[in-house]
Amino acid sequence: MSPPERIRFLDAMRALLGASQVLDHAADLAPYATDWRGRYHGKPLAVALPADTAQVAEVVQLCATHGVPIVPQGGNTGLVGGATPDASGAQLLLSLKRLNRIRDLSAADGVLVAEAGCVLQNVQDAAQQVGLLFPLSLAAEGSATIGGVLSTNAGGTAVLRYGNARALCLGLEVVTPQGEIWSGLSALRKDNTGYDLRDLFIGAEGTLGIITAASLQLFTQPLAQRTALALVAHAQDAVDLLQQARAALGAGLTAFELMSTHSLQLVQRHFPRLRLPLDLSTPWCVLLELSDSESETHAQARLEAVLGAALEQGRVADVAVAQSLAQAQGMWALREHIPLAQAQEGLNIKHDIAVPISRMAAFVESTAELVTQALPGARLVVFGHLGDGNLHYNVQAPIEGDAAVFLARHQEACNRIVHDAAAACGGSFSAEHGVGQLKTEELLRYKSPVVLSMMRAIKTALDPHGLMNPGKVIRR
């Protein structure tokens, strides 16, 4: 775009949104131009801040007329660079943070309609105020937005019981690449009337259109919750405990997290105020949560029965059951601070893999051997949602090594080891973080030609000019 064309485009954008809602000075652009991890640093043409869906549609129409690519952004908490523009200075960053209203909440239907810029925690709070639950829970829930979590099909800690973002969404409102508005918001659990367009946009990371609102499924609040930590000697013991807990607790088992001792030691090192209620005497620790529809006493008895049996069988080495909300929050804080402790420790090679639960223990053991043989001294920081087969299998530089040099030299080889191992188990190289721009090569490597051909056909059909979040997910 030539300088005169740029001026005309930005003047037209200001006429649409108001001058204060179009940012083009470097200092104003900076917060939008870098991803959460600090890995990608873009240079947007400008940042547009529409106030509602109609303005989003007008912005998209203007971009289509001028051939300007669009990068949608919500809370900018993504981990694969999916909401970061490139460095060309030619892409418009479209921020949805002003679309932050809860449009409707029907307790009778169990449905909440939220705009894309609504912060996840605000949606949780709104549901709670009427005695209901929106169960999607993430470490970044205080800043992640509904549009973002749907665009990446986020998972979180309660997928075991409630499913990921896709399972919690009944309908969408979307602005198409042509600037048309699809009003697909629905309160229906059943609507078998042709192609499910909703599922095209969920997980598409803004490459097919821009989610502007969603109807979200709500659930009854549990009357009681109980949280516990359990030490186990082997990953297989954790898998066995998961099956035992599922059999005894059924749908009441809402979370089951696996954490390596090393990952918790990092938390202790960098966040000493967070206290572990158990001595780390085994290589692995499990965090599990029970939700109960009867009473605190009933929940306590059920959880203690499961863990007591596991102790007697030698499956569990030690157990701590939270006796208060504060203790439960302290246990969850340990889990949620693992990524933050890693960041404090230095750059690391991150993986977000999925493996069938039945093969998880074998994957963990064999992959650890492969990684440590290839990268002597590397430290494995393994944690994640064992209950749904998703692990963050991260590799930290040797304790005396230069983390940046380690990352530059070994990331590609490490990715091959971990992702090949996951694929060999029938798994995936991306479980909940998406593809973004970080993993486009992995998509080409691990998806079949048939899948890639179908994905490109969908992209071309809906976005023939390739203006929606170019360079992300699937390459044209």
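User: Which residue of β4 stands opposite Pro72?

Analyst: Leu94 of β4 stands opposite Pro72. The model is predicted, and the pairing is computed from its atoms.

User: How do you know that strand β3 and β4 are paired, and in which sense do they run?

Analyst: Count the bridges. Two strands pair if there are at least two bridges between them. Strand β3, residues 70-73, is joined to β4 by 4 bridges. That meets the cut-off, so the two count as paired. They run parallel. Ile70 has Leu92 as its bridge partner in β4.

User: What makes strand β2 a partner of β4 too?

Analyst: The test is again at least two bridges. Strand β2 (residues 46-48) and β4 have 3 bridges, so they pair. The sense is parallel. Here the bridge partner of Ala46 is Leu92 in β4.

User: Why are β1 and β3 called edge strands?

Analyst: Start with the order. The open sheet has 4 strands, running β1-β2-β4-β3, and its pairing is mixed. β1 (22-23) and β3 each have a single partner strand, so one side of each has no neighbour in the sheet. That puts both at the edges.

User: Where do the side chains of strand β4 point, and are they buried or exposed?

Analyst: They point two ways. Leu92 and Leu94 go one way, Leu93 and Ser95 the other. All of them are buried.

User: Which strands of this sheet does helix α3 lie across?

Analyst: Helix α3, residues 53-66, lies across β3 and β4. Its direction is at about 170° to β4. α3 also lies across β5, β8, β9 and β10, at about 45° to β8.

User: What is the strand order in the sheet that holds β5 and β9, and which strands are its edges?

Analyst: The order is β5-β6-β10-β8-β9. The sheet is open, with 5 strands and antiparallel pairing. β5 (102-106) and β9 (181-184) pair on one side only, which makes them the edge strands. On average, neighbouring strands are turned by 15° against each other, direction ignored.

User: How do you know that strand β8 pairs with strand β10?

Analyst: By the bridge count. Strand β8 (residues 169-175) and strand β10 (residues 210-217) are joined by 6 bridges. At least two are needed, so they pair. The sense is antiparallel.

User: Which residues have the most contacts inside the largest nonpolar core?

Analyst: Phe256, Phe363 and Val395 do, in a core of 53 residues. Helix α14 (residues 403-424) gives the most to this core, with 8 residues. Apart from it lies another core, of 33 residues, with Leu172, Phe201, Ile211 and Ala214 among them.

User: Which residues of helix α9 are buried, and what do they pack against?

Analyst: In helix α9 (residues 261-270), the buried residues are Thr261, His262, Ser263, Leu264, Leu266 and Val267. They pack against several elements, including β13 (253-260), α11 (325-336) and β19 (390-396).

User: What is the handedness of the crossing of α8 and α10, and which residues make the contact?

Analyst: The crossing is right-handed. The axes of helix α8 (residues 235-249) and helix α10 (residues 296-312) come within 10 Å and cross at roughly 145°. α8 brings Leu241, Gln244, Ala245, Ala248 and Leu249. α10 brings Arg302, Leu303, Val306, Leu307, Ala309 and Ala310. By class, this contact holds 9 nonpolar, 1 polar and 1 charged residues.

Terms used:
Residues are numbered from 1 along each chain as its sequence is written. This is a predicted model: local features need pLDDT of at least 70, side-chain atom pairs count only at pLDDT 80 or more; totals for chains, interfaces and linings use all residues. Side-chain values use heavy atoms; hydrogens and water are left out. Buried means under 20% relative accessible area, exposed over 50%, partly exposed in between (1.4 Å probe, protein chains only). Contact means heavy atoms within 4.5 Å. A nonpolar core is a set of buried Ala, Val, Leu, Ile, Met, Phe, Trp, Tyr and Cys residues joined through side-chain atoms within 4.5 Å. Axes are lines fitted to C-alpha atoms, for helices over the stretch in contact, and angles run from 0 to 180 degrees between N-to-C directions. A crossing is left-handed if the near helix is turned anticlockwise from the far one by less than a right angle, and right-handed if clockwise. Ala, Val, Leu, Ile, Met, Phe, Trp, Tyr, Cys and Pro count as nonpolar, Asp, Glu, Lys and Arg as charged, and the others, Gly among them, as polar.
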